[in-house]
Amino acid sequence: MPPLLARKMTNKLEKAMLDLKAGDVDALGTIYDLTSRGVFTFVLPIIKNYAAAEDIMQQTYIQVFEKIGNYDNHTSARNWILTIAKNLAINEFNKNKKVINFDYTEDGLIPDGLCSIDRNIDTPIIRLANEILDEEEFKIVMMYTVGEYKHREIAELLNLPLGTVTWKYKNSLNKIRTELEKREKNAEQRIRKTA
């Protein structure tokens, strides 16, 4: 996303947050439109369940509405919303008593051209990425490609050096590409054997 467009979106989000805080209920729709994709892709790697991630996303906006009075204009609106989403996801995760190594603060996944991303985020390439990448790699890829976060933002949110995020992203894409090539070769060999 070009820097000017990103700045405009951030300014629009900040304005919508202030409007909601001032009592303009319609501003919640703008906030949802600007952040729902990012919230969903942030929560999905934590919950690892599409329907549950959608539920958490909806609960996030209910809490944004209920807690807007606590929003501080000097903080990032996006990060404030994602903190709510993270807390809800952790609570849901703990409620289900599943154990994973969780140290997460934001969202994004899959490079342009490997698959088309829309609201139906459950694609074969995403399932493959979830299968072969470790949790941190999966989060970085999801946040970048689906959530459309910049590497710098991901580094800040995950408390990792920028170079580490960039390296892990490129390394993850190589792992996905290598696995796809391997599976394609295996499929070709099976076809040749049956022919």
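Modeller: Let's begin with a term: a contact means heavy atoms within 4.5 Å. Among contacts in this chain between residues at least 6 apart in sequence, 69% join residues at least 24 apart.

Biologist: What kind of model is this, and what do local features need?

Modeller: This is a predicted model, in which local features need pLDDT of at least 70 and side-chain atom pairs count only at pLDDT 80 or more, while totals for chains, interfaces and linings use all residues. Residues are numbered from 1 along each chain as its sequence is written, and side-chain values use heavy atoms, with hydrogens and water left out.

Biologist: Where in the chain is confidence lowest, and where is it highest?

Modeller: The score to read is pLDDT, the predictor's confidence in each residue, from 0 to 100. Its mean over the chain is 79, with 81% of the residues at 70 or more. Confidence is lowest in α1, at a mean of 77, and highest in α3, at 92. Then look at residues 98–120, where pLDDT stays under 50. Where pLDDT is low, the predicted coordinates should not be read in detail. The model does have 94 contacts beyond four places in sequence for residues 98–120.

Biologist: How many helices and strands are there in the chain?

Modeller: Both are DSSP runs, numbered from the N terminus: helices are H or I with at least four residues, strands E with at least two. Here you will find eight helices and zero strands. The pattern along the sequence reads α-α-α-α-α-α-α-α.

Biologist: How many of the residues of α2 are buried?

Modeller: Buried means under 20% relative accessible area, exposed over 50%, and partly exposed in between (1.4 Å probe, protein chains only). In α2, 15 of the 21 residues are buried, so the helix is mostly covered. Over the 195 residues of the chain, 42% count as buried.

Biologist: How many residues does the largest nonpolar core have?

Modeller: In soluble globular proteins, nonpolar side chains tend to be buried together. A nonpolar core is a set of buried Ala, Val, Leu, Ile, Met, Phe, Trp, Tyr and Cys residues joined through side-chain atoms within 4.5 Å. The largest one here has 51 residues, and those with the most contacts inside it are Met17, Ile31, Val39, Val43, Trp80 and Ile81. Helix α2 gives the most to this core, with ten residues.

Biologist: How many aromatic pairs does the structure hold?

Modeller: A pair of aromatic rings is described by the distance of the centres and the angle of the planes. Rings of Phe, Tyr and Trp (its six-membered ring) pair if their centres lie within 6.5 Å; planes under 30 degrees apart count as stacked, over 60 as edge-to-face and the rest as tilted. The structure holds four such pairs. One of them joins Phe40 and Tyr50, edge-to-face at 5.1 Å centre to centre with 70° between the planes. Phe40 lies in helix α2 and Tyr50 in helix α3, so the pair ties together parts that are ten residues apart in sequence. Phe40 is buried, with a relative accessible area of 2%, whereas Tyr50, at 25%, is partly exposed. The rings of Tyr71 and Trp80 are also edge-to-face, with centres 5.4 Å apart and planes at 65°. Both Tyr71 and Trp80 are buried.

Biologist: Which helices do the buried residues of α8 pack against?

Modeller: They pack against α5, α6 and α7. The buried residues of α8 include Val165, Leu173 and Ile176. Tyr144 lies in helix α6 and is partly exposed at 32%. As for length, the 33 residues of α8 should span 48 Å, and the end C-alpha atoms are 48 Å apart, which agrees.

Biologist: Is Asn159 buried or exposed?

Modeller: Asn159 is exposed, with a relative accessible area of 64%. You can find Asn159 in the loop between α7 and α8. Its phi is near 55°, a positive value in a residue other than glycine.

How values were computed. Expected span 1.5 Å × (residues − 1).
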